[in-house]
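Keep the structure open while you read.

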Amino acid sequence: MDFIPSTDDEQFRQEVRSFLREHLPSDLAWRGQQGYLPGKEDSLRWTRILHEKRGWSAPAWPREDGGTGWAASQRYIFEEECYLAGAPIPNQAGIDLVGPVICHFGNTEQKKRFLPPILRGEVFWIQGFSEPGAGSDLANLRTTAVRDGDSYVVNGQKIWTSFGTQGDWNFLLVRTDPTAKPQKGISFLLLDTHTPGVTIRPIVSLDGCGHLAEVFYDNVRVPVENLIGEENKGWGYTKFLLFNERALLGAESPALKRYLAKIRRYASCQRAGDRPLIEDPAFAGRLAQYELEVLAIDMMVQKILHQGVNELNGGAAIGSMLKVRGSEMHQKLTEMLVEIIGDYGPVFYPSPAEEQTEHEQSFVGPDFAPGLAAELFYRRACTIYGGTAEIQRNIIAKALFGL
Amino acid sequence: MNFDLTEEQRMLQDSVRRYVNKSYSFESRTQLVKVGGGFSRETWSVFAEMGWLMAPIPESCGGLGFNAIETALIAEELGRGLVLEPYTFCAVLPVAIMRGCSAEAQKEKLLAGMGSGETIVAVAHSEPEARGCVSHVSTMATRQADGRYALNGRKSLVVAAPVADRILVVARSSGQVRDEQGISIFLIDPQSSGVRCEPFRLLDGTPAAELVLENVVVSASALLGEEGNAFSGLQRAVDEAIVSLCAEMVGGMEDVIALCSEYLKTRQQFGVAIGTFQALQHRMADMAIELMQARAMLYRGLAVLTNPAAEDTSRIVSGCKALVSKCAKFVTAQGIQLHGGYGITEEYRVGHHYRRLVLADAWFGNLDYHLNRYAGRIQDEARALAA
Ligand SMILES: Cc1cc2nc3c(=O)[nH]c(=O)nc-3n(C[C@H](O)[C@H](O)[C@H](O)COP(=O)(O)OP(=O)(O)OC[C@H]3O[C@@H](n4cnc5c(N)ncnc54)[C@H](O)[C@@H]3O)c2cc1C
């Protein structure tokens with residue numbers, strides 16, 4: 001242990017910075033700095049740029065599948081710099097979730113067919129796990145797939161599918177053996193959302209955006225070659241995926257650092273009476289507390305990145321612990337961002353259409369006000385998605401103490 | 001101290017609750033936001049018919065002459081029902097300003113119109129850098145040679161301005177930006193030349209606007225009461241509005257808790273109702289404790305507002321807002337959490353209470369501001385003791 005950042009890492013950070021300066025289009029960065037979630041076009045466009053310029057579109061994948069071969073610390077630096085520069089979040093369901101599953105469990109055919117379009121930013125994936133009756137209790141899912149010749153026939157419904165209405169491809173969990181124990185009869189399928197029988201209905205959420213959806217499957221035929229791994233073994237692949245989602249992405253700590261940077265910047269120019277808000281002792285005290293929490297999270301994330309998850313550094317609990325505290329901080333920091341704009345906090349700013357640039361909008365208040373409230377509402381969900389805060393605590397208590 | 005409602009108070013409370021249950025369904029509210037601009041004049045007239053708009057108006061001006069307790073009863077029920085029409089901003093606040101700042105002769109006509117629901121009055125008090133400080137007024141009122149006044153400045157977050165027939169504008173006729181002396185209030189017609197209304201919606205769909213005043217010339221009769229002496233009346237009016245807002249939050253918290261209690265009994269996961277999980281039982285218990293605290297603090301606010309001998313009323317009201325909004329933040333956020341995905345949808349009622357809380361926290365200064373103001377009271381008392 002020495003806590004000295006490696007010079008390689010610092011050099012790498014400079015390299016990423018200059019790449020972003022050169023290649024991140026300013027309209028993407030402007031929309032990214034606002035709080036609205038990026039839409040499909042922005043996400044894919046950025047992936048295309050990363051892929052074409054440097055082959056950086058899926059850093060965490062194995063090298064032979066198109067990954068970068070970066071060390072974990074470099075991946076983290078990359079993500080952090082992208083966030084700070086306002087780069088759009090790529091299609092996580094594709095790059096972070098189904099991609100690694102295909103890399104690890106897919107056959108050669110599937111890798112050849114599905115991975116390159118993800119790398120090239122050509123397809124947008126959506127995640128179909130949750131159902132109306134199967135949220136926290138995911139294993140209770142009821143959507144069925146029945147083998148019929150060389151197809152599965154899928155019937156049922158998914159809900160809370162992020163970016164559902166924009167999805168080209170959908171990976172989903174289906175029940176293939178209704179007689180087996182809940183976890184035993186589940187399979188992992190890949191489905192083209194344009195297949196007949198798929199209906200997608202948007203759900204408007206509190207942030208005013210329609211990025212969630214319900215997906216209905218009515219006798220949808222999926223070719224058997226779109227099954228990942230073996231039939232009825234889907235739960236195992238899912239655990240792998242959820243573990244990735246939690247341990248590596250759960251705290252979303254680069255986003256936390258971006259919030260802190262924004263808070264400092266905005267609170268220095270927003271005034272309360274005769275002084276900038278940042279000079280207000282109550283405000284500054286609260287910010288100090290939040291910043292310390294984030295610094296602690298960040299340090300632990302770096303440790304995990306260097307060591308990998310093992311029994312000595314928290315084992316199965318660490319990802320959940322980081323997610324619980326991280327998501328609480330997302331909520332506190334986005335609330336603070338809205339507080340900073342004072343009288344403009346209550347204003348509803350409709351989300352800008354994609355392709356819109358900063359000069360085409362007119363609104364009251366400071367130019368960074370739009371998007372902050374949308375982000376605050378969106379972040380109410382971060383103690384719900386990817387496993388609720390209560391479920392994470394159950395996991396922690398069980399993993400650490402056998403309770 | 002009597003904590004029981006009188007027969008009359010109970011009837012008032014029932015009348016609002018019945019109206020909201022019967023005529024202000026969540027679906028009609030959603031429609032109101034989608035196609036009705038977030039405000040219904042018809043509903044406002046119903047408020048008038050029911051006497052709720054008359055409630056805070058003095059009997060001498062044809063009103064019911066009720067005090068803050070009765071208006072809080074009304075506000076609480078409206079908050080429970082997520083009612084959009086801004087009772088606090090267009091009834092409690094402007095009436096209190098008229099009561100506290102204007103001369104007798106001015107009151108009668110305007111208050112009659114407000115009580116009947118015909119005249120909707122919005123209040124332009126805040127400015128971007130005020131952040132809750134009532135004396136922060138940089139909008140200028142300059143007296144011209146002909147005795148008229150010219151108004152110049154920018155007023156932020158004027159709730160209901162786009163639908164208002166008249167607007168009470170707080171401006172400075174003398175002194176420095178945060179001086180208490182030198183504040184004057186003018187009644188203006190939003191159609192007057194020089195008034196630019198930049199309209200927008202609030203997060204819950206309520207119409208509001210920023211007002212830009214560029215040489216808005218008004219006659220001397222537009223001035224309420226005496227020039228430069230409006231501060232204490234205005235502060236008192238804001239205090240009344242804050243307590244009314246606290247009552248709305250308490251009503252909202254009650255609704256959230258009722259919704260959760262129901263949901264926990266019906267939603268099944270892992271083969272059982274989620275209410276069987278102790279983690280959630282304890283959460284509900286904590287929410288009930290927060291509500292208890294908030295209601296008790298609301299009572300403190302009402303007690304100080306209705307006690308003519310009370311001192312330092314305003315800073316106690318600040319304490320009231322700080323605690324109630326802290327409690328409401330917890331309860332409304334947990335309301336979403338306990339509903340899982342459903343909690344964050346537009347289609348489901350519970351999340352809208354959290355949205356209201358975001359508004360309530362920002363209005364009249366946020367939690368930091370009011371806690372700090374209450375801290376000032378403690379410091380003053382400690383200094384007095386030390387001296
Ligand atoms: C913004 C957003 C995006 C999402 N994106 C996707 C997506 O792309 N794809 C996808 O498949 N899903 C997605 N989800 C769904 C998400 O995974 C589920 O919402 C989540 O698993 C919770 O399920 P639920 O909503 O059914 O809540 P429920 O499971 O019904 O939970 C309700 C409440 O009960 C509590 N609870 C449940 N069980 C227990 C227990 N054992 N002990 C204590 N408390 C308990 C929960 O913590 C919660 O507070 C998304 C959700 C949101 C909000």
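Across all chains of this predicted model, a search of the whole structure finds 61 salt bridges. Five of them are counted between chain B and chain A.

**Salt bridges**

- Arg13(A) pairs with Glu81(A), with 2.7 Å between the closest N and O atoms. This pair links distant parts of the chain, 68 residues apart. Arg13(A) sits in helix H1 (residues 7-23) of chain A, and Glu81(A) sits in helix H4 (residues 72-85) of chain A.
- Glu390(A) and Arg283(B) join their side chains in a salt bridge, at 2.7 Å from N to O.
- Arg356(B) and Asp204(B) form another salt bridge through their side chains, at 3.1 Å from N to O.

**Contact between the chains**

- Chain B puts 43 residues into the contact, and chain A puts in 47 residues.
- The size of an interface is often given as the accessible area lost when the parts come together.
- Which residues of chain B lose the most area to chain A? They are Arg131(B), Gln337(B) and Ile344(B), which together account for 19% of what the chain B side buries.
- The salt bridge count between the two chains is five.

**Domains of chain A**

- Four residues of domain 2 of chain A and five residues of domain 3 of chain A make up their contact.
- These two domains of chain A bury about 480 Å² between them, with 72% of it on carbon and sulfur atoms.
- On the domain 2 side, Ser136(A), Leu206(A) and Asp207(A) lose the most area to domain 3 of chain A. Together they make up 71% of what that side buries.
- How many salt bridges are counted between domain 2 of chain A and domain 3 of chain A? The count is zero.

**Domains of chain B**

- Chain B is assigned domain 1 (7-119), domain 2 (122-228) and domain 3 (232-386).
- Domain 2 and domain 3 of chain B have C-alpha centres 30 Å apart.
- In their contact, 13 residues of domain 2 of chain B meet eleven residues of domain 3 of chain B.
- The area buried between these two domains of chain B is about 1100 Å², and 76% of it is on carbon and sulfur atoms.
- Val134(B), Leu203(B) and Asp204(B) lose the most area on the domain 2 side, together 45% of what that side buries.
- One salt bridge is counted between domain 2 of chain B and domain 3 of chain B.

**Largest cavity**

- The largest cavity holds about 130 Å³ of space.
- Its lining has 15 residues. Glu248(B), Met249(B), Gly252(B), His353(B) and Arg356(B) lie nearest the centre.
- Four helices of chain B give two or more residues each to this lining: H4 (68-80), H7 (231-266), H9 (313-338) and H10 (350-362).
- H7(B) supplies the largest share of the lining, five residues.
- By class, the lining of the largest cavity has nine nonpolar, four polar and two charged residues.
- Domain 1 (7-119) and domain 3 (232-386) of chain B each give at least three residues to the lining of the largest cavity.

**Second largest cavity**

- The second largest cavity has a volume of about 90 Å³.
- It is lined by 13 residues, and those closest to its centre are Phe348(A), Tyr349(A), Ala373(A), Ala374(A) and Leu203(B).
- Helix H11 (residues 372-379) of chain A gives the largest share of this lining, three residues.
- The lining of the second largest cavity divides into nine nonpolar, two polar and two charged residues.
- Why does the second largest cavity lie between domain 2 (125-232) and domain 3 (251-401) of chain A? Because both domains give residues to its lining.

Technical notes:
Residues numbered from 1 in each chain as written. Chains lettered and ligands numbered in written order. Predicted model: local features only at pLDDT ≥ 70, side-chain atom pairs only at ≥ 80, totals over all residues. Heavy atoms only, no water. 1 Å grid on protein atoms, 1.4 Å probe; cavity = no way out; pocket = protein on both sides within 12 Å on 5 of 7 lines; lining within 4 Å. Points joined across faces, edges and corners; volume = space filled by probe spheres on them. Nonpolar A, V, L, I, M, F, W, Y, C, P; charged D, E, K, R; others polar. Domains from an automatic or database assignment. Contact = heavy atoms within 4.5 Å. Buried area = accessible area lost by both parts, 1.4 Å probe. Salt bridge = Lys/Arg side-chain N within 4 Å of Asp/Glu carboxyl O.
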